[in-house]
Amino acid sequence: MSSKTENGQSGIRISFEFFPPKSEEAEQQLWNTVADLTEWDPEFVSVTYGAGGSTKAPTLSAVRKMIHETPFTTASHLTCVGATREDTHRVIDEFLAAGVRRFVALRGDPPGGVGSAYQPHPGGYANAAELVAALRERGDFDISVSAYPEKHPESRDTSADIDMLKRKADNGADRALTQFFFDNDAFERYHDRVRAAGIKIPILPGIMPIQNLTQLKRFAGACGTSIPSRLDERFEGTDDDVELRARVAAEVAAEQIQDLVRRGFDEFHLYTMNRSQLVSAVLERLGIQRKVDARAGAAA
Ligand code: FAD
C-alpha cells in the first residue's frame with residue numbers, strides 16, 4: 001500500500017509513539033525504553049503533547065533529547081485546542097528552536113476530556129486541518145495527522161471523518177496515523193473509502209500491544225475503538241500469570257500485523273506506552289531484524 005523499504009526480510013516498516021514523562025521514575029522508564037527500542041531502527045518516533053499545552057515542558061524536553069541524543073528521527077505532537085493562533089505559533093517557535101522539523105498535527109480533546117463539548121477558541125485554529133495549513137505556511141516540515149478507522153467519537157459518521165482527513169491531506173499532511181484498532185476488517189473498509197475519496201497519503205495502522213485488557217477496555221471506549229470478543233477469549237485465564245499474559249499479548253499484536261501485511265499494508269505505528277518488552281516481543285515474532293543483526297548480516 002506504500003512503497004517498501006527492506007527491514008530485514010520482513011519488508012515491514014515501523015514507527016513508535018511515546019508520551020512525555022511526568023515523574024523522575026517515568027523519565028527513567030522512558031529513556032530505558034528508548035535505549036531498548038533503538039535497535040529496531042524505526043522510520044521515526046513521536047512524542048505526544050497534552051491538549052491545551054498541559055505537557056508542553058516535558059514534551060519539549062523529551063523531543064529535544066531524542067533529536068540530539070538518540071538516532072531517532074523524531075516528531076513532536078502538537079495540538080491547537082484552547083489556544084489562540086498567536087499562542088500556537090509561539091509554541092511552534094519553541095519546538096523549532098529545539099530542532100523539531102516533524103510534527104503530528106492535532107486538534108486535541110476539549111478541556112473536559114473526550115466526549116465533552118468542543119468549542120474552537122475564537123482566535124484559534126478550529127481543527128487539525130487548519131493547523132496543518134498553518135504549519136505548511138511556516139516551513140517545509142514533515143506533517144502527520146490522525147485518522148479514525150472506527151470514527152472519531154464526536155463525528156457524525158465516517159464520511160465526516162473522511163472529509164476532515166481529506167482537508168488535512170489537501171492542506172499538506174504527509175501521512176495519517178490511525179487511532180489504535182483491533183478490527184482489521186473495519187480498517188480495510190475505512191482504507192478503501194479513504195482511497196475512493198481521492199486521499200493518497202499513506203495511512204499507517206496504529207497498533208496497540210495490549211499490556212492490560214481490562215484497563216484498555218476503559219480507555220478504548222472513550223476513543224471509539226471496539227474490542228472484539230475474541231480478545232476476551234485470548235486473554236482468558238491470564239490474569240494471574242504474567243508470563244502467559246505477555247506471550248498472548250505479543251501473539252495477538254503480531255497476528256494483527258501479519259493479517260494486515262497479508263492485506264497489503266507494510267508500515268505500522270506502534271503505541272509503546274513507554275514500555276519496550278512487549279513491543280520487542282511483537283517485533284521478534286514478526287521476524288523483523290534488529291539493526292545490529294542487519295549490520296552483521298550485511299557484513300557476512
Ligand atoms: P480533527 O482531525 O480536527 O478532527 C477529528 C474528527 O473529529 C474529524 O474527523 C471530525 O469528523 C470530527 N470533528 C472535529 N471537530 C468536530 C466538531 N466540532 N463537531 C463534530 N465533529 C468534529 N491528543 C492529544 O491531546 N495529544 C496528542 O499528542 C494526541 N496524539 C494523537 C495521535 C494520534 C495518532 C491520534 C489518532 C490521536 C491523538 N490525540 C492526541 C487525540 C486527538 O487529539 C483527539 O482525538 C481529538 O479529539 C481530535 O483531534 P484530531 O486532530 O484528530 O481532530
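Eight strands close into a barrel here, in the order β1-β2-β3-β4-β5-β6-β7-β8, with parallel pairing. Strands and helices are DSSP runs numbered from the N terminus: a strand (E) has at least two residues, and a helix (H or I) at least four. Two strands pair if DSSP finds at least two bridges between them. Strands of a sheet pair through backbone hydrogen bonds, either parallel or antiparallel. Neighbouring strands of this sheet are turned by 30° against each other on average, direction ignored. For such angles, axes are lines fitted to C-alpha atoms, for helices over the stretch in contact, and the angles run from 0 to 180 degrees between N-to-C directions.

Before walking on, a word about what you are looking at. The model is predicted, so local features need pLDDT of at least 70 and side-chain atom pairs count only at pLDDT 80 or more, while totals for chains, interfaces and linings use all residues. Residues are numbered from 1 along each chain as its sequence is written, and side-chain values use heavy atoms, leaving out hydrogens and water.

Let us start with strand β1 (residues 13-18), which runs parallel to β2 and is joined to β2 by four bridges.

How does the chain get from β2 to β3? It passes through helix α2 (residues 56-69), and this β-α-β crossover is right-handed. Right-handed means that, with the strands pointing away from the viewer, the path from the first strand over the helix to the second runs clockwise. Another right-handed β-α-β unit is made by β1, helix α1 (residues 24-37) and β2.

Now look at the two faces of β2. In a regular strand the side chains alternate between the two faces of the sheet. In β2 (residues 44-47), Phe44 and Ser46 are on one side and Val45 and Val47 on the other, and all of them are buried. Buried means under 20% relative accessible area, exposed means over 50%, and partly exposed lies in between (1.4 Å probe, protein chains only).

Helix α2 packs on the sheet and touches β1, β2 and β3, while its direction makes about 160° with that of β3. Ala62 lies in this helix. With a relative accessible area of 2%, Ala62 is buried. Leaving aside neighbours within four places in sequence, Ala62 is in contact (heavy atoms within 4.5 Å) with Leu30, Trp31 and Val47. Ala62 and Val47 are 15 residues apart along the chain, and their C-alpha atoms are separated by 7.5 Å.

Further along comes strand β5 (residues 142-147), where six of the six residues are buried. Asp142, Ser144 and Ser146 point one way from β5, and Ile143, Val145 and Ala147 point the other way. Strand β4 (residues 102-106) is joined to β5 by three bridges, and the two run parallel. Within this pairing, Val104 has Ser144 as its bridge partner. Four bridges join β5 to β6, again in parallel, and there Ser144 stands opposite Arg175. From β5 the chain crosses through α5 to β6, and this β-α-β crossover is right-handed. Strand β6 (residues 175-180) then pairs with strand β7 (residues 203-207) in the parallel sense over three bridges, and Leu177 has Leu204 as its partner in β7.

Helix α5 (residues 158-170) also packs with helix α4 (residues 128-138), at an angle of about 5° and with the axes 8 Å apart. The two helices are therefore roughly parallel to each other; angles under 35 degrees count as roughly parallel, over 145 as roughly antiparallel, 65 to 115 as roughly perpendicular and the rest as oblique. Ala128, Ala129, Glu130 and Val132 of α4 make the contact with Met164, Arg167 and Lys168 of α5.

Finally, visit two loops. Most residues other than glycine have a negative phi, and most peptide bonds are trans. Asp41, in the loop between α1 and β2, has a positive phi near 55°. At 40% relative accessibility, Asp41 counts as partly exposed. Met273 sits in the loop between β8 (267-271) and α10 (277-285), and its phi is also positive, near 55°. Met273 is partly exposed, with a relative accessible area of 33%.
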